[in-house]
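Open the model in your viewer and keep the selection panel at hand. The tour goes from stop to stop, saying what to select and what is there.

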Amino acid sequence: MGSLILCHKKKAKHPYEIARIHMHIYTIEELCYYFCNNLYLVDYTIVNRKLCDWLDDELELYELAAQLRSQLEQNASIEQFLLTILSHASIYSAAEITKIHNVLEHLKNQNEVEREKYKADNLLNSGENASAILVYQSIVNKEWDDSIGKEFYGRVYGCLGAAYGRMFLYEEAAHMYEKAFEICRKPDMLRAYLYCCYRYLPEAEYVKMLSREPVYLSLDAEFKEELKKAREQMDLDITEETYEQWKREYRRADK
């Protein structure tokens, strides 16, 4: 059974507004929740004296506010500022705080577009494919940052391909992988492109496409062999008892 968490009793009469997303915060717990779910968005627009004053005036967290003001005067890092608030709230375990600290360290030296990709990657890994696609698209559709190189954008297109693929939108996925390969020339992008074409193109068109490039034929043979092995392994893992159960369930559903 999980342990109980005692929340801070004070609720603000006047909320703190996160201007960039028009969110209103009323409690220290809500503030911590916002931080932990938007670490890639935290910057000087929220790490400032205005937040300290709100914690002081609205939530009566006098010691915390004073500690944070002191950190600002000493030019402490954003990471230290956030961790001070999260530790004070006492709603996260030591292990969770360590994990958050590691993420902050990872983000510390990234620029804005890299943070956006980090956000999209987390959405993709969490299964929120449609949301991830919107963020990835916003990255490639605006002016590219020359300081991080074109290969970065090739990876973004590759991630778009993966997100579309997970939604079984293989034609869209193929287009993204094709762009990814044009930019960064990675063999795995070409392989993914070919697989998506195999999934959405009519057989005659796919065979015609294979004849255009010798490398297509070898890649096609490779992934088809892998698919064959995967199917064979799946058959080995499925027992006769499982097959019988599936048949019974199908018959019941068909009635």
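**Stop 1: a pair within one helix**

Select aspartate 121 and lysine 117: they form a salt bridge, with the closest N and O atoms 2.8 Å apart. A salt bridge here is a side-chain nitrogen of Lys or Arg within 4 Å of a carboxyl oxygen of Asp or Glu. About one helical turn separates the two, because they sit 4 residues apart in helix H6 (residues 112-125). Helices are DSSP runs of H or I, at least four residues long, numbered from the N terminus. Lysine 117 is buried, at 11% relative accessibility. Buried means under 20% relative accessible area, exposed over 50%, and partly exposed in between, using a 1.4 Å probe and protein chains only.

Before moving on, note that this is a predicted model: local features need pLDDT of at least 70, side-chain atom pairs count only at pLDDT 80 or more, and totals for chains, interfaces and linings use all residues. Residues are numbered from 1 along each chain as its sequence is written, and side-chain values use heavy atoms, with hydrogens and water left out.

**Stop 2: between H2 and H3**

The structure holds 11 salt bridges. Select arginine 49 and glutamate 73 for another of them, at 3.6 Å from N to O. This pair links distant parts of the chain: arginine 49 is in helix H2 (residues 49-57) and glutamate 73 in helix H3 (residues 62-73), 24 residues apart. Arginine 49 is partly exposed, at 38% relative accessibility. Glutamate 73 is exposed, at 59%.

Now pick aspartate 53 and arginine 69. Their side chains meet in a salt bridge of 2.9 Å, N to O. Again distant parts of the chain are linked, with aspartate 53 in H2 and arginine 69 in H3, 16 residues apart. Which of the two is buried? Arginine 69 is, with a relative accessible area of 17%. Aspartate 53 is partly exposed, at 31%.

**Stop 3: cysteine 52**

Stay in helix H2 and select cysteine 52. Its relative accessible area is 0%, so cysteine 52 counts as buried. Show its surroundings: beyond residues up to four places away in sequence, cysteine 52 touches Ala65, Leu68, Arg69, Leu72 and Phe81. Contact means heavy atoms within 4.5 Å. For a distance check, draw a line to tyrosine 62: the C-alpha atoms are 9.0 Å apart, across 10 residues of sequence.

**Stop 4: tyrosine 157**

Jump to helix H8 (residues 150-166) and select tyrosine 157. Tyrosine 157 is buried, with a relative accessible area of 10%. How many residues along the chain separate tyrosine 157 from tyrosine 177? They are 20 apart, yet their C-alpha atoms are separated by 6.4 Å.

**Stop 5: H9 against H10**

Select helix H9 (residues 170-184) and helix H10 (residues 187-200): their axes come within 8 Å and cross at roughly 160°. Axes are lines fitted to C-alpha atoms, for helices over the stretch in contact, and angles run from 0 to 180 degrees between N-to-C directions. H9 and H10 are therefore roughly antiparallel, the word for angles over 145 degrees. Show the side chains in the contact, among them Tyr170, Tyr177 and Phe181 of H9 and Leu190, Tyr193 and Tyr200 of H10. The contact residues divide into 15 nonpolar, 1 polar and 3 charged. Ala, Val, Leu, Ile, Met, Phe, Trp, Tyr, Cys and Pro count as nonpolar, Asp, Glu, Lys and Arg as charged, and the others, Gly among them, as polar.

Definitions and conventions
Angles under 35 degrees count as roughly parallel, over 145 as roughly antiparallel, 65 to 115 as roughly perpendicular and the rest as oblique.
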